[in-house]
Amino acid sequence: MPYNPGDDVVLVQRGPSPGGAGGAYRAFGETLRGLKQTFQRLTEGTKTIQYPEEKVPVYPRFRGRHKLHRFEDTGLEKCVGCSLCAAACPVDCIRVVADENTPENRVSAGERYAAVYEINMSRCIFCGYCEIACPFDAITLGHDYELSDYNRSDLIFTKEMLMAEPLDRTPLRTAGE
Amino acid sequence: MPRPEINWITFSIDGREVKAPENAMLVDAAKYGDVEIPVFCYEPKLGQPVGACRMCLVEIEGIPKLQTGCSTPVKDGMVVHTQTERVHDAQRAVVEFLLINHPLDCPVCDKGGECPLQDITYGWGPGTSRYIEPKRHFVKPLELSPLIAIDRERCILCYRCVRFSQEISEDYQLILNERGAHSFVATFDGHPYVAPFTGNIVELCPVGALISRSYRFRARPWDIEGAGTVCTLCPSQCNVDLTVRDDRVLRVSARDNDEVDDGWLCDKGRFAFQHIHVDERITEPLMRQDGKLVPVDWDTALTAAAQALGEAGPRAAAIADGETTNEEAFLLQRLFRERLDCGNLSARPGGDLPLPLARGLADPALQATVPDLEFAHAVLLLDCDPIDDAPIFDLRLRKGVRRRDMNLVVASARPTALDANATTVLRHAPGTAEALLVALDAALSDDRGNLGGAASAAGSSAQAVQDLLEDLTSAGGDIVILYSERLFGGPRGPQAAEALLNVANRLNLTGEGAGLLEIPIGANGRGVREAGFAATHGPGFAPVANPGLATHGIAEALAEGQLSTLYLLHTDPLRHMSDGELWERALSSAQTVIAHESLMTETVATHADIVFPGEAYAEKEGTLVHPDGRVQRLRRAIGHPTPFNRHPGSGVRAGWQVISDLAKLLGLDFGVFAGSMASQQLFAAVPFFNGLTLDEIGGRGVRWPAREAARLAFGETSREPVALDVPPAAAVPSEDALRVGTFRPLWSSKEVDVSPILQYARPTQVVELSPVDAERFGVADGDKVEVGVNGTQVQGAAKLRHAVPEGTVFVAEGLSDASSSLFNYGTVQLRRLGGSAEESPINPIIGMPAIGESPFNPPRHELRESPPGTAPRMNE
Ligand code: SF4
Ligand code: SF4
Ligand code: SF4
Ligand code: SF4
Ligand code: FES
């Protein structure tokens, strides 16, 4: 059977045509309503934030760049290299290679420690599952969101980078702000 | 005992009617109805259940108390419930009880993620703990052995490890000390648990109490990939599963195949994987320039090798061994026969058998299978010791004796590890297995004259031979003769093969469940020969126009300059061939030695002129043939190593690729562009492999003798017994000369030599002698002694063994140093050199450090933390 496009046409119901007065209101009335908003804000002064010189403060629960922690009293790493964060990570961006603590080289409190701990920040979706999975509160997500770089490979954060105190670059929103 | 018949019955589980084999344990029967009953201690591989953990409780109508599903056989009409409140209460209670003293240190525990205790706690446990009292503590972790660490706090006392040691490997070393909550797994006096099969307990342990030290903290289950392949470190060819992380093999576990390995591995197979990633690996082609091996690119090496082979033509030779796949052997023999017109190919250290005999021994009707070792009425262990030659067969024979009432009959020169399990043990003189077979043949045919003569030639008596035969035949007709390829070594090999075929004939070993089983010397010895890599026959035992020289002939011809180029395919003649001295001369006088080898051995370093880097078995693809004819498949688990900073392709290449590239340079195009194409060519060329495909082989392998193609290829063969002559009598020991025999310890392999964790097991030379002789020569256990004849000497530590017959000594061969392959069953002089040799004394039975004198740091003081008789340390 030859194809007849007309068979497939569906008729759409249209509203009544606005007419002359209605047409004019459409052309000017709606525009004026928009402009009202503009003129109201005009008096408030500029709101542009001069990023990167200025920054928006983030909420305390904001999830940004990760940090690995140490025990404050002993200075040992909290991470035992259990890989549970790697298992929890939905994008598979954490790599942990564990090793054994020896009396000469005690790194963490348990039997094992993370010899290699890497997070691929270009893949991370900042879901925070790693923080929830960690049985030792060894990894938390901080507030830093400035993570761009010129090289993809520089976005693989090593254990040293994650252990280091991050530059305090992100202002935190204070209570009530 | 023949295989039991299966009788199917119907029972009801959770309201469903299910068919299951009668007398299967409820836990197994429930699986037929898709019902899972949690277990800890139940493991069918370990034999009878013990009911130690109570995890498997179920309710059975008509029985007031809950029953353990793992030890209650299912009967027709049984009504079982696993989902009632009573059962759930019991399961929660058992989990809570098991966790009372469990440290719950999953984050640092190696088992985490693959731990049955975790799984069962999630699935069946109460979810919370009510226990607030201090837990029981042990010192942890400790070395149980150089290979295994033990964490006693995690142990749930399931007895699996102890049962393995007591009932499977029968080394009787592991026990549970103390009582109740204070029980702990240990050896009875705290010595390291060293035996050939210890690694299996790591896999058996349902918690993280027993941990492999080579895998400790290496990876989590979600970091790794599994890759199934076949272990090529000995002829047992166990099916293994490699654990791979970041393209490195980290662990080897069993990939249960009842027809091959029964789910066990030996410690060599489990831990010598370390040889894949060591500095001794050869990762690029090398050539000798100014006396030194220097790296070259593939083109240079291949061209040089092609030129050397092309110039040599029929004056070339090749020997192969070990991990050579069927495909590599097949392609290399094609290259030699078709292009070089040269048949000097051999994979048998003892020399090749004439074609009719080689073919006769491979007759499908005569082949026994590995399970036959367990289900036969009787097994004759003929002058070999499976613990050294093919260790998994040792476990199979033990299982047969223990669980199936099999009669084990041992006739060997050297005392075997299975003597204690045998019904009869006959000790003959070293090297006289042929005479023993002639005596057996005479006894079977009532030839009294030959019987007496041959029995005394074997250093035994007619009566002993008849007793042996009585025990062998009394139980029934399913008889298996397990022998080693070494039987055919030396000039009288063909006669020995005749004698063996005669005996097989007279015992009528052609039926199901009976037959011959040969343990080859190389891991794939059988496959290499069937692929045509032999002096006397082509692929599939096809006759060849001009047979070449076998190993001994090749060595002599090389030494005399009649041959010029030698291709060594994964083999080290200095180490593995008898007569090392002749080979030393042969290698030195050869013009070009091409070594295709994965590890830098002494021989490669001193003698090779062109070196092709070889693959480790985890990198290989191809097929192997198991001693019982099962064609198995090697699959690549990891990529080929490449030298640091070099482009891919400059490093190790596949064996089939190297050989076909070489052939191409010599003007012969195999048309092989992939490993599977080489396999196809092989299957087409060998009549009894016809029609095989890699898919058909799959993960479990296919026994070719059971295929239709085998029947077509061999037809109905019948063999009339031939008349045998009595071989010359064994050498007679005298006042100052002792008979000498040799053995090749399980641990003598280049892979063990370079694996860091197995250094404790590396064999050193021992001289085994009987205490009577020792007293005569004034030698004490451990003294340094020297045996020798005509200027060839071997030194080693004396080891006194009561089971060694008087007037005989045994020395190890195939060691990296001090090889003793120079003695061809004559007599030797023995001389004491001095007091205790400084090397570690080796336990001669298993080639392992003697108890309490291990060279590695013995953890005894730590184990003594809880000395027998006192409670283990409790703190808090
Ligand atoms: S925040 Fe989420 S995505 Fe990022 S590393 Fe953690 S688990 Fe992975
Ligand atoms: S950060 Fe936490 S979860 Fe990740 S490896 Fe370390 S201890 Fe384990
Ligand atoms: S044995 Fe299992 S449950 Fe126990 S600590 Fe190890 S992983 Fe956790
Ligand atoms: S060490 Fe493991 S296998 Fe042995 S009894 Fe304890 S839990 Fe069972
Ligand atoms: S599995 Fe039944 S008692 Fe342990």
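Cys231(B) is tucked away: it counts as buried, with a relative accessible area of 7%. Keep in mind that this is a predicted model.

- Cys231(B) sits in no disulfide, and the nearest cysteine sulfur, that of Cys238(B), is 6.2 Å away.
- Searching the whole structure turns up zero disulfides over all chains.
- Over in chain A, Cys130(A) is buried too, at a relative accessible area of 6%.

**Size of the A–B interface**

- Chain A brings 17 residues to the contact and chain B brings 15 residues.
- About 1,200 Å² is buried between chain A and chain B, and carbon and sulfur atoms give 52% of that.
- On the chain A side, Glu100(A), Glu111(A) and Arg112(A) supply 46% of the area buried against chain B, more than any other three residues.

**Charged and polar pairs**

- Five salt bridges cross the interface of chain A and chain B.
- Arg112(A) makes a salt bridge with Asp110(B), with the closest N and O atoms 3.6 Å apart.
- Between chain A and chain B, six residue pairs are in polar contact, both residues being at pLDDT 80 or more.

**What chain A puts forward**

- Helix 2 (84-88) and strand 2 (94-100) of chain A each supply at least two residues of the side touching chain B.
- Strand 2 of chain A gives the most to that side, with six residues.
- By type, the chain A residues touching chain B split into ten nonpolar, two polar and five charged.

Key: Residues numbered from 1 in each chain as written. Chains lettered and ligands numbered in written order. Predicted model: local features only at pLDDT ≥ 70, side-chain atom pairs only at ≥ 80, totals over all residues. Heavy atoms only, no water. Disulfide = S-S within 2.5 Å. Buried < 20%, exposed > 50% of the residue type's maximum accessible area, 1.4 Å probe, protein only. Contact = heavy atoms within 4.5 Å. Buried area = accessible area lost by both parts, 1.4 Å probe. Salt bridge = Lys/Arg side-chain N within 4 Å of Asp/Glu carboxyl O. Polar contact = N/O pair within 3.5 Å; in protein donor to acceptor, adjacent residues only side chain to side chain. Helix = DSSP H or I, 4+ residues; strand = E, 2+ residues; numbered from the N terminus. Nonpolar A, V, L, I, M, F, W, Y, C, P; charged D, E, K, R; others polar.
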